[in-house]
Amino acid sequence: MKSVVVCGGSKGLGLATVKNLLAKEFKVICISRSKGSISEDIFANENFSLILCDLSNAEQRATLALDLANIENIWGIVNNASGPATGPVESASRAEYLKALDTHLFASDELVKAILPQLKRNGGGRIVSIISVTARIPLENMSVSNTLRGAMLNWTKTLSKEVARFNITVNNVLPGYTDTERLLEVIDGVSAKQGISKDDYSNKIISQIPMGRFGRPEEIGAVAGFLISEEASFVNGVSIPVDGGWTPCP
Ligand SMILES: NC(=O)c1ccc[n+]([C@@H]2O[C@H](COP(=O)([O-])OP(=O)(O)OC[C@H]3O[C@@H](n4cnc5c(N)ncnc54)[C@H](OP(=O)(O)O)[C@@H]3O)[C@@H](O)[C@H]2O)c1
């Protein structure tokens, strides 16, 4: 049975991806700092395991990379974690940028490098990163996120060309506004900075989404799960918005 590593799999979009992959009969190795919202049912599934790791911590990432390099039958990885702090460029600190780079870019880069030799030996694999629509359309008050997502977009495209000949595909999912804890954080942060109520800010966002609602986590998990699946064998180097039509020109 093939194993897939899902980073940030204890809540939100990562957890929805875990559920999708378990239903597809993959073994799932979930990486997070806590048990989050993982249900007893999932813990009871023999194909599920959890490794606790803080991806923002370089030492913990190094230990995790060694552990992953020694696990057999890894087929793929989903790079994912909580989004960075909100705010404009003028107030973004070096510490915020470094934390975002550590948790997302460096974690993805180091963990992928740990499993790549195995994927090559096994004849193929899948690398998927859950990023954000802000990779393409930078949003106000999301300076660290916008910057990080641009870096991830180009990391993916570069790697996708390098490893394609090994039957390894590298793709991104770009979620739009989706109903998770992260969305609540963004609504709290940005509405306060804009001096409007959370409800007014939520309604303002929904009015910009052609489907007239926030996404559901499982709608993101379904696309990440497809990109991990064998069926997605010729999809490579792309970034797929899953946003109810929010992105004007994908
Ligand atoms: N939801 C949206 O509307 C939306 C839209 C666009 C983009 N995104 C992006 O999609 C990604 C996932 O969002 P989400 O809504 O699913 O977020 P979420 O609900 O906050 O879940 C984040 C997950 O990452 C884990 N995590 C966070 N920091 C970690 C760390 N340092 N080390 C290990 N695991 C960590 C969390 O588990 P623990 O707390 O247990 O560690 C949790 O499982 C984020 O980058 C977010 O910005 C979300």
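Two or more residues of the largest cavity's lining come from each of α4, β5 (125-130) and α5, where helices (H or I, at least four residues) and strands (E, at least two) are DSSP runs numbered from the N terminus. This is a predicted model, where local features need pLDDT of at least 70 and side-chain atom pairs count only at pLDDT 80 or more, while totals for chains, interfaces and linings use all residues. Residues are numbered from 1 along each chain as its sequence is written, and side-chain values use heavy atoms, with hydrogens and water left out.

A cavity here is a set of points on a 1 Å grid over the protein atoms alone where a 1.4 Å probe fits but cannot get out; a pocket is an open set with protein on both sides within 12 Å along at least five of seven lines, and lining residues have an atom within 4 Å of a point. Points are joined across faces, edges and corners, and the space filled by probe spheres set on them is the volume.

The whole structure turns up 1 cavity of 30 Å³ or more.

Of its 46 lining residues, Ala81, Ser82, Gly83, His104 and Arg182 are the closest to its centre. The largest share of this lining, 6 residues, again belongs to α4.
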